[in-house]
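User: Could you take me through the salt bridges in this one? I'd like a close look at who pairs with whom and where the partners sit.

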Amino acid sequence: MSSIAAYYNGKTVLITGATGFMGKVLMEKLLRSSPDVEAVYILVRPKAGQSMQERVANMVKSKVFDRVREDCPNFQEKIKPINAELTQPNLAISAKDSQELLSQVNVVFHCAATVRFDEPLKHALLLNVMGTQQLLLLARQMQKLEAFIHISTAYANCNKRNIEEVIYPPPVETKKLCDLVEWLDESIIQEITPKLIGDWPNTYTYTKALAEYLVQQEKEHFNIAIIRPSIVGASWHEPFPGWIDNFNGASGMIIAAGKGILQTVKVNNDAVADLIPVDVVINLMLAVGWYTAVHRPKTVMVYNCTTGGINPFCWGEIGYHVISTFKRNPLEQTFRIPKAQMTSNHLINQYWITVSHKAPAMLYDFYLRLTGRKPRMMKIFNRLHKSMMLLEYFTCQSWEWSSENMNMLMTQLSPEDRRLFNFDVRQLHWSEYIENYCIGAKKYLLNEDMSGIPAAKQHLRKLRNIQYAFNTTLLVIIWRIFIARSQMARNIWYFVVSLCYKFLSYFRASSTLRH
Ligand SMILES: CCCCC/C=C\C/C=C\CCCCCCCC(=O)SCCNC(=O)CCNC(=O)[C@H](O)C(C)(C)COP(=O)(O)OP(=O)(O)OC[C@H]1O[C@@H](n2cnc3c(N)ncnc32)[C@H](O)[C@@H]1OP(=O)(O)O
Ligand SMILES: NC(=O)C1=CN([C@@H]2O[C@H](COP(=O)(O)OP(=O)(O)OC[C@H]3O[C@@H](n4cnc5c(N)ncnc54)[C@H](OP(=O)(O)O)[C@@H]3O)[C@@H](O)[C@H]2O)C=CC1
């Protein structure tokens with residue numbers, strides 16, 4: 001019997017960020033592997049005109065729960081949603097709900113965060129830092145709390161090259177910074193943000209670094225562990241190979257490449273692409289929850305959850321496998337044939353942006369206008385370029401993370417646990433993983449049916465013919481203009497044509513003699 005699965009049976013778990021990408025995969029695995037878990041409380045806010053209840057009712061219908069639905073058809077009865085808003089005092093949880101949590105919860109998984117790179121500092125602080133502080137205050141009063149697992153990011157300390165499994169001192173006193181932004185005008189905060197975040201690339205990584213320090217300060221009160229995943233991608237095996245449901249991390253760029261929109265991207269081909277499958281992160285989270293509660297380590301354990309040091313793979317290789325997968329399994333209605341120029345040279349990238357992004361977008365928008373439709377391609381590309389700018393910090397450099405704690409934990413697991421909660425990324429076969437990632441993005445994110453592949457291939461052939469015809473016409477036009485303007489070009493042209501003619505005559509004559 002698995003010790004990890006057995007541990008969660010009969011326990012009450014609280015998950016924040018349960019409606020997010022990782023939260024859903026966590027809930028699914030927990031409910032499937034430990035069907036006798038007492039209850040899974042989730043903090044959910046109303047959103048986009050939907051009440052908390054409506055959101056949860058829709059969420060449990062998601063495909064991500066298909067496997068657990070098959071194994072335990074009444075799995076949703078274990079899910080107990082609590083109305084909460086992490087940016088509000090006391091997380092806006094009612095007194096009654098709060099009492100229930102304080103008396104029941106055994107394990108907390110804190111996943112909620114804003115992961116946007118362009119989040120205004122004030123909001124990122126409110127949610128990622130102050131929200132975490134409020135949750136810690138609540139956790140302090142939980143009578144049966146056995147473990148508090150905080151999900152950070154491997155890039156929380158991306159201003160360092162070598163990242164150990166320790167908490168680094170924060171760049172500022174968090175309390176002072178929070179007080180400051182509370183009364184400062186929004187526009188002033190925006191202006192001083194670059195100065196405040198210093199050598200962090202964005203408010204997301206900066207606030208995740210501050211949160212880690214806050215979490216560590218609670219170590220006297222309960223058992224804490226921090227998990228730092230790198231770039232979380234589609235699942236490796238569970239619940240299905242290639243499961244993905246949002247455009248974050250590398251997924252948006254992979255899809256943009258598959259759609260033939262992204263044709264050039266600024267990456268260092270030889271830099272390590274530290275992707276980590278979502279199910280690996282979730283298995284590690286459940287194992288860490290068990291280990292922290294049962295073994296009660298004396299210090300706050302930090303688990304860098306990365307692949308680069310163990311089973312490295314580079315951006316250049318990812319690009320190659322993404323393009324080759326999408327050529328074999330094309331997406332529907334692609335804009336152009338999938339192809340990716342990948343360079344870390346700014347000027348070369350700018351050249352390709354002009355030639356293979358902006359020029360086709362302008363031409364297509366012109367065609368849309370001519371046919372009485374609204375132009376939209378330039379808008380899409382401007383958005384893509386904004387995203388590419390925000391992501392290039394992560395694709396043009398490599399980091400080294402130590403992963404001793406992840407390795408240590410592996411040695412603590414029984415063979416059964418190692419199989420059921422596998423986080424051994426040495427077994428990851430990258431080309432197979434990337435292929436499943438791309439196909440998963442097609443199926444689960446874009447809702448495209450695999451039966452549409454022959455039509456998608458036909459569309460690619462049409463695009464190829466258009467491209468050949470366009471290139472030939474362009475070449476002839478350029479050459480005609482050139483010849484009309486330059487005597488030298490004319491002479492070269494006549495020389496080349498006469499040379500070809502002579503060659504042809506020679507071959508025809510020699511083949512006639514042979515027969
Ligand atoms: C040849 C292939 C090469 C592939 C590899 C190339 C590059 C790899 C790229 C990146 C890797 C580095 C990632 C580093 C991660 C660090 C790890 C972390 O710790 S954490 C989490 C990571 N966080 C993120 O990834 C968030 C980043 N995103 C953002 O900050 C913002 O989305 C944004 C980039 C600033 C863009 O903001 P914008 O306001 O313009 O858009 P929205 O996010 O609001 O999205 C609007 C809407 O569009 C949908 N969407 C987004 N992207 C796409 C897409 N590519 N195609 C189609 N649709 C897309 C999005 O879901 C929204 O839809 P909806 O309104 O319905 O929700
Ligand atoms: N995805 C990745 O590549 C990586 C993620 N991480 C970390 O993993 C964790 C989970 O990330 P991921 O699942 O990808 O993120 P998502 O963006 O998919 O999910 C974020 C979750 O946080 C919730 N949330 C956001 N704001 C609030 C709020 N004000 N009150 C209550 N809940 C809120 C969201 O709820 P709602 O549905 O209501 O918006 C959602 O459930 C984060 O802590 C992130 O930093 C770390 C490394 C990489």
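Analyst: Let's start with D66, which is partly exposed because its relative accessibility is 28%. Bear in mind that this is a predicted model. The side chain of D66 meets that of K63 in a salt bridge, with N to O at 3.3 Å. K63 has 38% relative accessibility, so K63 counts as partly exposed as well.

Now for a pair that reaches across the chain. K386 forms a salt bridge with D118, and the closest N and O atoms are 3.2 Å apart. This one links distant parts: K386 belongs to helix α14 (residues 377-395), while D118 is in the loop between β4 (107-110) and α6 (121-140), and the two are 268 residues apart. How accessible are these partners? K386 has a relative accessible area of 44%, so K386 is partly exposed. D118 comes in at 31% relative accessibility, so D118 is partly exposed too.

There's also a joined-up set: E28, K29, R32 and E238 form one network through salt bridges that share partners.

Next, E85 and R45. Their side chains meet in a salt bridge at 3.9 Å, N to O; the cut-off for counting one is within 4 Å. E85 sits in the loop between β3 (79-83) and α5 (95-104), and R45 in the loop between β2 (39-44) and α3 (52-59), so this pair ties together parts that are 40 residues apart in sequence. E85 has 21% relative accessibility and therefore counts as partly exposed; buried would need under 20%. R45, at 36%, is partly exposed.

And how many salt bridges are there by this rule? The count comes to 20. As for the general idea, side chains of opposite charge can pair when their charged atoms come close.

For a contact without charged residues, look at helices α10 and α12. The axes of α10 (residues 251-258) and α12 (residues 315-328) come within 9 Å and cross at roughly 45 degrees, which means α10 is oblique to α12. The crossing of α10 and α12 is right-handed. On the α10 side the contact is made by I254, A257 and G258, and on the α12 side by V322, I323 and F326. By class, that gives 5 nonpolar residues, 1 polar and no charged ones.

Key
Residues are numbered from 1 along each chain as its sequence is written. Chains are lettered from A and ligands numbered from 1 in the order in which they are written. This is a predicted model: local features need pLDDT of at least 70, side-chain atom pairs count only at pLDDT 80 or more; totals for chains, interfaces and linings use all residues. Side-chain values use heavy atoms; hydrogens and water are left out. Axes are lines fitted to C-alpha atoms, for helices over the stretch in contact, and angles run from 0 to 180 degrees between N-to-C directions. Helices (H or I, at least four residues) and strands (E, at least two) are DSSP runs, numbered from the N terminus. Angles under 35 degrees count as roughly parallel, over 145 as roughly antiparallel, 65 to 115 as roughly perpendicular and the rest as oblique. A crossing is left-handed if the near helix is turned anticlockwise from the far one by less than a right angle, and right-handed if clockwise. Contact means heavy atoms within 4.5 Å. Ala, Val, Leu, Ile, Met, Phe, Trp, Tyr, Cys and Pro count as nonpolar, Asp, Glu, Lys and Arg as charged, and the others, Gly among them, as polar. Buried means under 20% relative accessible area, exposed over 50%, partly exposed in between (1.4 Å probe, protein chains only).
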